[in-house]
Amino acid sequence: MDFKKATDELCEPVSHEQLAGALGCSVASLRQARLDPSAKAHRRPPKGWQAATAKLAESKAGRLRKLAMRLLAEQSENER
């Protein structure tokens, strides 16, 4: 794996579209829920947001663990 690919994977964000899809709401609703609670346009987060967000976090953590394992394996191979 080259440096660019590894760092692209490391820095890959979760988009508002991905999060909205996992939460079962629109991007607009998601953005309103992320506003400061004192804002007029603020809305409550979607029901079940904790579980959906945790699932996305676990998925991302798994991908990052795999990336780390690949990089460490490559480093070990290169040191031989």
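Helix α2 and helix α3 (residues 27-34) pack at an angle of about 95 degrees, and their axes lie 9 Å apart. Helices here are DSSP runs of H or I with at least four residues, numbered from the N terminus. Axes are lines fitted to C-alpha atoms, for helices over the stretch in contact, and angles between N-to-C directions run from 0 to 180 degrees. The model is predicted, so local features need pLDDT of at least 70 and side-chain atom pairs count only at pLDDT 80 or more, while totals for chains, interfaces and linings use all residues. Residues are numbered from 1 along each chain as its sequence is written, and side-chain values use heavy atoms, with hydrogens and water left out.

The angle makes α2 and α3 roughly perpendicular to each other, a term that covers 65 to 115 degrees. On the α2 side, the contact (heavy atoms within 4.5 Å) involves His16, Glu17, Leu19, Ala20 and Leu23, which meet Val27, Leu30, Arg31 and Arg34 of α3. By class, this contact has five nonpolar, one polar and three charged residues. Nonpolar residues are Ala, Val, Leu, Ile, Met, Phe, Trp, Tyr, Cys and Pro; charged ones are Asp, Glu, Lys and Arg; the others, Gly among them, are polar.

The largest nonpolar core consists of six residues: Leu19, Ala20, Leu23, Cys25, Leu30 and Ala52. Helix α2 (residues 16-23) supplies the largest share of this core, three residues. Such a core is a set of buried Ala, Val, Leu, Ile, Met, Phe, Trp, Tyr and Cys residues joined through side-chain atoms within 4.5 Å. In soluble globular proteins, nonpolar side chains tend to be buried together. Leaving aside residues up to four places away in sequence, Ala20 touches Cys25, Ser26, Val27 and Leu30.

Helix α1 (residues 3-11) packs against helix α4 (residues 49-78) at an angle of about 155 degrees, with the axes 10 Å apart. The two helices are therefore roughly antiparallel, the term for angles over 145 degrees. Ala6, Glu9 and Leu10 of α1 make the contact with Leu64, Leu67, Arg70 and Leu71 of α4. These residues divide into five nonpolar, no polar and two charged.

Ala6 lies in α1 and counts as buried because its relative accessibility is 10%; buried means under 20% relative accessible area (1.4 Å probe, protein chains only). Apart from residues up to four places away in sequence, Ala6 touches Met1, Leu67 and Leu71. The C-alpha atoms of Ala6 and Ala54, 48 residues apart along the chain, are separated by 24 Å.

Notes
Parallel < 35°, antiparallel > 145°, perpendicular 65-115°, else oblique. Buried < 20%, exposed > 50% of the residue type's maximum accessible area, 1.4 Å probe, protein only.
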